[in-house]
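My notes follow in the order in which I looked things up.

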Amino acid sequence: MSVDKVTVEVIRNACIFIAEEMGIVLRRTAYSPNIKDRLDMSCAIFSSRGELVAQAEHIPVHLGSMTVCVENTLKYLDEKGVSLSEGDVVIVNDPYIAGTHLNDITLIKPFYFKGELAGFIVNKAHHVDVGGKTPGSINPMAKSLYEEGVVIEPVKIVEKGELNRRVLEELLGNVRVPEYTKGDIKAQLASLNVGERRMEEIFNKYGYSTVIEAWSMVLDYGERYLLEKLRKVRGGTYSAVDFLEYGEELLKLKCTLNISSNMIIIDFKGSSKQVDAPINAVYGVTYSASCYAVKSILDPDLPMNHGILRRLRVEASLGSIVNPIKPAPVAAGNLETSQRIVDVIHLAFSKCLPGRVPAAPHGSMNNVMIGGVFDGKKWAFYETIGGGMGGRPGREGVDGVHVNMTNTLNTPIEIAEREYPILFLEYSLRENSCGHGEYRGGLGIRRVFTIRRGRAIFSLVASRIKTKPWGLMGGGPGKPGEHYVLKKDGRRISLKGNDVVELEPGDVVYIRTPGGGGYGRPENRSRELVLRDVEEGRISLEEARIHYGL
Amino acid sequence: MARCRIGVDVGGTFTDVTVLNCENGDLRIVKILTDVDEPWRSIIACIELGGIELRSVEHIVHATTLGSNLLLGQVGLVKPRIALITTKGFRDVFEIGRQNRPSLYNLFFEKPKPLVPRNMRFEVEERISTEGEIIKPLDVEGLRRIARKIKGLVDVVAIVFLHSYVNPVHEREARRILVEEGVSAEIILSSEVDPHPGEYERTSTTVVNAYLKPLLSNYLEKLLGELGEKGFNSKILVMQSSGGLTNISRAVETPVAFIESGPAAGAIAVAYYSNMYGHELSMGFDMGGTTAKASMIVEGDPLITLDYEVGGKVHSGRIVKGSGYPVRYPFIDLAEVSAGGGSIAWIDEGGTLRVGPMSAGSSPGPACYGRGGVEPTITDANLVLGRLSRILAGGEIVADESLARKAIGKIASKLSLSIEEAAYGIIKIANTLMSKALRIVSIERGIDPRKATLYAFGGAGPLHAAEIAVELGVREIIVPKNPGAFSAFGLLVADYRVDLSAPYLKPLREESLLEVAELLEKLSMRGTKAVLEEGASESNIKVVGMLDLRYRGERSSLTIPYVENYNALLDVFHRKHLETYGFRSEEEEVIVDTVKVTVIGITDKPVMPRRRVEEHRPVATGFRRIFDGYNWIDSSVYSRSMLKPGALLKGPSIIESYDSTIYVPEGFTAVVDEYESIRITCR
C-alpha cells in the first residue's frame, strides 16, 4: 500500500528533526570545543539497507562521507563474519572505511523495532586528538596514516547494551587527553540513544510498514528532485583541471562531468597519483566534496538523501590523490584537497552552466597550528583563516570569509590572547588581493601575530600559494597566499603550503590569505564601483588605473 | 473618561494601540498602518482614531521593532553619519565578523552590509594587554589628525579598542581628545556599552547602539512633543527586548536594549498568567497572519538569550549565524517560523507539499478573502476543513469557500488528493513546522515540553494548538480570554527591569569571593537607583545577582545565581554543569567570566477578576461539518461570548469569538475557568 504524500512529508520532517535533536544532545554533552563551539560533527539516519534517509546540516565535509562510511562498515563487518544485534554500537575512524580523517570518529547503532532491523542511527564527531606524532593529530609532515593517530577498524564498542571496556581502553590508551576522548564518546553514545528513542516513537505512531514505505518514498522524492534539476541542464561532457601544491611540485586534479538527463557522473581520471604527504583525500572526502559542489550549483535546497546518490556517481581511480591506497596519510585531504575538488568541479560546471558559477574562491582553509610550553603548561592553538570569495555572476565576491567545505567560526582575539601567550598585531582585509573583473573577487585576510613568552612550534597547512584562484568570463585571478615569518634578527622565512617553524618572542608571523578570482571583464565594471573601492581603500588608485583604466 | 493605560506597539507594517480600562479591566485595540517615514504620527493617529482622552492616561508603554526595521532599511528615517575608531590593525574586525557565512550551500549569499563604510573606520596606535597593562600608549597626535578629518562630517563616533573592557583608559582619553578637538558628535565607548571580551560582538553592539542613538532619540523626542501638544502629561515607559520596562532617558542612552521589544510582549503576558496560575513551566504559542512564535517561561520568567543578531535571518526557527549584527543585550528567547494564516502552500520540485515561507500577508490575503489572492493559504485550508467560519472578525470579512476550494484544488490534483485531504495536509505540515519552533525553545534548551502548559494566542494559535500539543506530548492548553489581544496585554503587565554586568575573568576562589560580592553590591546599587528613578517603589524591588561560570578551557559559561557560601556556589555550578552538559569536573579550576545583576521593579498590575465557577454544559449555537482527515463529522459550534465560567464541552467543537477561533478536536475537553480562560485537555 502506498502512503499518502502528506504522511511521507511529515515522516521526512520528523526524521530530520531526530537527526537535529541528536546533534543538539551531542553538542550539549560533548567535552571538546571542536564539537561544542565549532560544530564539527554530523548526525544521520539510515535505512536497514544502509541508505541515507535524513541528515542534519552541520558541516559540508560530512555530507556524503557518512554514506560511504555506513556502506563500507556494513561490508567490512559482513566480510569479517560479524553479525549485528540489538543494543550494539560499532565504532570506526579508519578513513579508508569511514571516509574522512582519523579525528572523525563515527558510531553506528543498528535500530530494531519489535525485534526486526529497521535502520541505523549514526553520528560522526571531530575529536580534538587521536594520538599520532603531533598534538591535535593533524601532522603536516606525516608520511603514513600511522603517524596521524590511532586507527580503529569497525568494532563493537557496545555489545548488546554492554560497553566493551577493552575497546574503549585501547582507544583511550592511544590519545593525549583521554578524559576528553571519553567524554566525547559518551556524548556520541547519548546522542544515539536519543535518536533511538525518537525513532521508536515514530515507528510506534505510524507502524513499521508505513515508515519503511514512507522512507522509500522520501528517497524517490530526493531522486525526483534531482532529476527535475537535471532536466534543465544541457547534457554533455565537461572537463576541467586545477592544481594542488605539494612542496615545490604541482599535483594535477582533473575532473570530467558527464551529465545526462538522468545521471551525473563525476570522474577524476587523469588526476595525480597519491603522495607521501597528508594531502591525499580518501574516497569519502572526494565524494563529499562532489556532493557539495553539485548541491551548491544545482540547488542549495536539494534534499540530501540516498535518492540523490542514486543519480550521482563519483569515480576516482585507486591509488590517485583522490582515492589513495592505505596507509597513505590523509589528514589534510579534508582540509585543502576537498577545497580544490570543489574548485575543479565548479570550473567544469561553469562550462555547462555559464552564468550560474562564481569564479574560484581563495580555496584554502589556511590552517594555523601553534603550540608550546608556557608557565610549565603545554598549550596548543588551532585555527583556520578565511579569504576572498570568487566574483559571482551579478555580484561581488565577499571579502574575508570561509568558503565551500568549511564554515567554522574564528577564535576571538581577545579570547585567544587570554588563553595563549599570543599577541595579535593585525586582522584585516588584504587590499588589492582580489581578482579583477566586472564583479571583482573578495579580498583575502591579513592575520599577523607574535608570541609573548616561551618558545613555540608553528605549523601551517595552506594552499593557493603557488597557484592563483582562477577568474571566469574574462575576470582576472586572485592574488595567491603569501605567508612568512620575520625572525627577530631580520631574517625572512617564506612559507610553503606545509611548513613548520620554531618561534620565539619577537618573531612575527604574517598570514596573507588569497583573494577570490574576478568574474567578467574588468572593463565592464561600473566606474562607480571602482571609485567606491578606491575610496574605501579596498584597491589602490594605482591598481584601479592598471586594471580599470581609471 | 475612566483612567486607563496605553500600550503602543510600533511595527514595520502596523502600529497597534491597546487601551486598558483600569476600572473594569476592558481591553481594546486600535490598529493602523505604520507611517514609515514619521512613525510617531501613527501613534497619534491611533489615539485620535480610538477617541482616547490623553489626560486620563496613567502611562504609556511603548514597544517597537523600529530598531530592526531601521537596520534593515524598512523605515525611511534619515540615517546618521557614523565613524568608528579602532586599535591599529583592526578596523576590519567589524566587517570580517567571525569569518563564517550565513548559508552553507548558497553561493549567492550576502553578509550584512557594514553599517560603517571602510573609509569611515579609522585606526590609531594603542594597545592594552589582557591583563590591562598598556603595551603601547595612545598615539595622541594620530588621534588629533583623525579628529580633524571627521569634525563636522559625522553625527556619532564609536570607539572600540582591544581589551578596553579590562582597562578603558585609552577609550576615555580618546573621547576627551576628540571633544578637545571640537568634535561635537555623540561619542560612544565600547567599554561603556558592552564591557566584555569578544572584539567582534563588542564592536557590533557598540556600533549598532551608536547607529540607533540619533535615530531613536529623535523619534522619541518627536513623539513626546506631539503627545505633549495633545495634552499628555504623564510618563512614557519603554519596553526593552528583555521584556522589562525602562524610562525614556535610559532608553535614549542604550537604544540597543530595545531593538526588538514588540514580539517580547507575548512572552510577558504568558509569564503573567503563569504566575497567576502557579505554573512551573509554560510555553507561549503565538500564531498570527504571517508567522508563529514560540517562547518558554520557567517559574514565571521568560527565557532570555544574549545570542541575538539584529536584522538577521531566521531559518526554521533558528537565527542564522552571521546573517545580522550580533547584539549582546538580553532578548527574550523566541523561535519564529514562517507559518501564519496567510502562509502559502505550494508543491516543490520533487513533488512534495510545502507550506511557507511565502505569505499572502494581509494583501492580497488568503484566496477566500476574495481580494485577489489566488494561492492556497493556511486560512483557506482551515475554512475548507470547516474549522473556520465564513464570517470572520465579527462580520468584517465574509470568506468565500469556493475560492478557497479552487486555490487548494490546484495543488490537490498534483498530489492526487481530494481537496479536503489536501487542506488537511496543509494543516498537518504547518503544524509540524510550528511544533519545531516549540521544540527549539524547549528540547534545544534542555527542557521537556511534556511538562509544560501550552498558552495559545494570536488570531490563529487556538485553531492549531490542540494538534500541536499532541505532537509535543503537552497535556494542557490555555487559551486566554482575548487571545487576539493577549500579546498587547503583555505590554501592560510588564515590570521595570535593569540588567547590569561587569567582567571579572578570574578564577573563583574562596578568598576572592569578597571581591565578587563587592562588585555585585556596586552593580545592584546602581541598578536599584535606576529602577527607583523610573518610579518603582522601594518595597517592590527584586535584585538577582548572578555569576557566569565555566571550567578553565571551556568557551561558554553557565549563569548561576549568586550565593554567599563558596562551597554552595561551587556545588550549584557543578550540578548545573552535569545537568546541562552531562559531566562535572571537580578538579578543574572554575572561572568567573561575568558578574551580573538584574534588578526588577515590580509594577502595579491590573488584577484579573476571578469569576464564580458553576459547572454546566453550555448550549451549542449551531453545528458544522468538519473534516477530520478521513471523514466529515458533525461538530458543535459555540459562541465565546456566551460561554460562562464552568462551561464544559467536549470535542469535536469549535468556539468562535471576534478575534480568534478555538478548535477542540475529538477526544479533547474544554472548560472555562475562573479567569475566563479556556483550558483544553486531552481525555
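Entry 1: I began with Asp507(A), which counts as buried because it has 21 C-beta neighbours inside 10 Å. (Buried means that 20 or more other C-beta atoms lie within 10 Å of the residue's own, exposed means 12 or fewer, and partly exposed is in between; C-beta atoms are placed from the backbone.) This is a predicted model: local features need pLDDT of at least 70, side-chain atom pairs count only at pLDDT 80 or more, and totals for chains, interfaces and linings use all residues. Residues are numbered from 1 along each chain as its sequence is written, while chains are lettered from A and ligands numbered from 1 in the order in which they are written.

Where does Asp507(A) sit? I found Asp507(A) in the loop between strand S19 (498–503) and strand S20 (508–512) of chain A. (Helices, H or I with at least four residues, and strands, E with at least two, are DSSP runs numbered from the N terminus.) I then listed the contacts of Asp507(A), leaving aside neighbours within four places in sequence: Thr450(A), Val485(A), Leu486(A), Lys487(A) and Lys488(A). (Two residues are in contact if their C-beta atoms, placed from the backbone, lie within 7 Å.) I also checked Ile451(A), which is 56 residues away from Asp507(A) along the chain. Their C-alpha atoms are separated by 7.4 Å.

**Entry 2: a sheet in chain A.** I traced an open sheet of seven strands in chain A, with the order S2-S1-S5-S4-S3-S6-S7 and antiparallel pairing. (Two strands pair if DSSP finds at least two bridges between them.) Strand S2 (52–55) and strand S7 (162–163) of chain A stand at the edges with a single partner strand each, so one side of each has no neighbour in the sheet. Strand S1 (residues 41–47) of chain A pairs with S2(A) in the antiparallel sense over three bridges. Ala44(A) stands opposite Gln55(A) in S2(A).

Next I looked for helices on this sheet. Helix H1 (residues 5–29) of chain A lies across S1, S2 and strand S5 (116–126) of chain A, and runs at about 145° to S1(A). (Axes are lines fitted to C-alpha atoms, for helices over the stretch in contact, and angles run from 0 to 180 degrees between N-to-C directions.)

Entry 3: I moved to strand S30 (residues 541–551) of chain B. Eleven bridges join S30(B) to strand S32 (residues 590–601) of chain B, and the two run antiparallel. Ile541(B) has Gly601(B) as its bridge partner in S32(B). S30(B) is also joined to strand S31 (residues 558–561) of chain B, antiparallel, by four bridges. There, Leu547(B) has Ile560(B) as its bridge partner. S30(B) and S31(B) form a hairpin with six residues between them. In the turn, Gly553(B) has a positive phi of about 95°.

**Entry 4: between the chains.** How many residues of chain B are in contact with chain A? I noted 49 residues of chain B, in contact with 58 residues of chain A. H12(B) gives the largest share of the side of chain B that touches chain A, six residues. By class, this side of chain B has 18 nonpolar, 17 polar and 14 charged residues. (Ala, Val, Leu, Ile, Met, Phe, Trp, Tyr, Cys and Pro count as nonpolar, Asp, Glu, Lys and Arg as charged, and the others, Gly among them, as polar.)
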